[in-house]
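Welcome! Here is a friendly walk through one protein model, taken a few places at a time. Have the picture at hand as you read.

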Amino acid sequence: MILSRRTLLAGLAASGTGLPAFAQSGPEPQLVPIELVEDTLNLPSAVRLGHKHGDVIMIEYFDYNCPWCKRSAGDLPALLKAEPDLSYVLVNFAVLGIPSVTAHKAALAYLQLHGPEPYLDLHLALFRLRGAVDGGRVLAEAERLGGDRKRLEEAANTDRTAQWMKDTLKLGESLGFVATPSFLVATQSYAGGMTLAQKREAIAQARG
């Protein structure tokens, strides 16, 4: 179930399912204003991976409790290897309930304290977990990767982290994203899961 933005913001203030197969055809691209792409890239919570000045930028809005996002995360190392000129940006987009809100708060705390490169290890580790992912499970994985639990808990519960999440929800709403994963490739949006091949095709089309 997709919760409303109002419900998610309320949860933010309070704060091994089987993986379905992707459809044969990927989501249809929709043109979006370049200003919204730029706003996404300017989010302080955006996690930049791959080429620092890539010829194409691909952005993924994801939720740690989304099974299609799990598949996308599994493909990410192969995509970065196959597309060395690609800039890939991860955007924490907690839309799948209160456990997701607490999970993304903890994940963003790790990002604040450790930066984008170590964050990728946490990102992939969280998608290897079975069952629901909440803040406690994120903190446990972050601690296993060398994070200080007390500092992480403090960072997760700051106004800064809450504002990061509110800004992302507002921008996702402006983009018309109501589920995860959702992607931006250049100025085209793709709402829904994409295979590795479909991602590479979208990247090729962006290159012209």
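A residue counts as buried when its relative accessible area is under 20%, as exposed when that area is over 50%, and as partly exposed in between, with a 1.4 Å probe and protein chains only. Ile34 has 45% relative accessibility and therefore counts as partly exposed. Some ground rules come next. This is a predicted model, in which local features need pLDDT of at least 70 and side-chain atom pairs count only at pLDDT 80 or more, while totals for chains, interfaces and linings use all residues. Residues are numbered from 1 along each chain as its sequence is written, and side-chain values use heavy atoms, with hydrogens and water left out.

**From Ile34 to Ala186**

Ile34 belongs to helix H2. Helices (H or I, at least four residues) and strands (E, at least two) are DSSP runs, numbered from the N terminus. Along the chain, Ile34 and Ala186 are 152 residues apart, yet their C-alpha atoms are separated by 8.3 Å. Ala186 sits in the loop between S5 and strand S6 (188-191). Its phi is near 55°, a positive value in a residue other than glycine. With 34% relative accessibility, Ala186 counts as partly exposed. The loop between H8 and strand S5 (182-185) holds Pro181. A cis peptide bond joins Thr180 to Pro181, with omega at about -10°.

**Two helix pairs**

How do helices H2 and H8 pack? Helix H2 (residues 34-41) meets helix H8 (residues 159-175) at an angle of about 160°, and their axes are 11 Å apart. Here the axes are lines fitted to C-alpha atoms, for helices over the stretch in contact, and angles run from 0 to 180 degrees between N-to-C directions. Angles under 35 degrees count as roughly parallel, over 145 as roughly antiparallel, 65 to 115 as roughly perpendicular and the rest as oblique. H2 and H8 are therefore roughly antiparallel to each other. H2 passes H8 in a left-handed crossing, a name used if the near helix is turned anticlockwise from the far one by less than a right angle (right-handed if clockwise).

Which residues bring H2 and H8 together? On the H2 side they are Leu36, Asp39 and Thr40, and on the H8 side Leu171, Ser174 and Leu175. The residues of this contact divide into 3 nonpolar, 2 polar and 1 charged. Contact means heavy atoms within 4.5 Å. As for the classes, Ala, Val, Leu, Ile, Met, Phe, Trp, Tyr, Cys and Pro count as nonpolar, Asp, Glu, Lys and Arg as charged, and the others, Gly among them, as polar.

Now for the second pair. The axes of helix H3 (residues 67-82) and helix H5 (residues 116-127) come within 9 Å and cross at roughly 135°. That makes H3 oblique to H5. H3 also passes H5 in a left-handed crossing. From H3, Cys69, Lys70, Ala73, Leu76 and Pro77 meet Leu120, His123, Leu124 and Phe127 of H5. By class, this contact has 7 nonpolar, 1 polar and 1 charged residues.

His123 deserves a look of its own. Is His123 buried or exposed? It is buried, with a relative accessible area of 2%. Leaving aside neighbours within four places in sequence, His123 is in contact with Phe62, Tyr64, Ala73, Leu76 and Leu90.

Leu80 is also found in helix H3. Not counting residues up to four places away in sequence, Leu80 touches Gly50 and Tyr88.

**Aromatic rings**

Rings of Phe, Tyr and Trp (its six-membered ring) pair if their centres lie within 6.5 Å; planes under 30 degrees apart count as stacked, over 60 as edge-to-face and the rest as tilted. By this rule the count comes to 5 aromatic pairs. Two of them are set out here.

| Pair | Centre to centre | Angle between planes | Kind |
|---|---|---|---|
| Tyr61 and Phe93 | 5.1 Å | 90° | edge-to-face |
| Phe62 and Tyr64 | 4.9 Å | 75° | edge-to-face |

Together with Phe177, Tyr61 and Phe93 form one aromatic cluster. Phe62 is buried, with a relative accessible area of 0%, and Tyr64, at 3% relative accessibility, counts as buried too.
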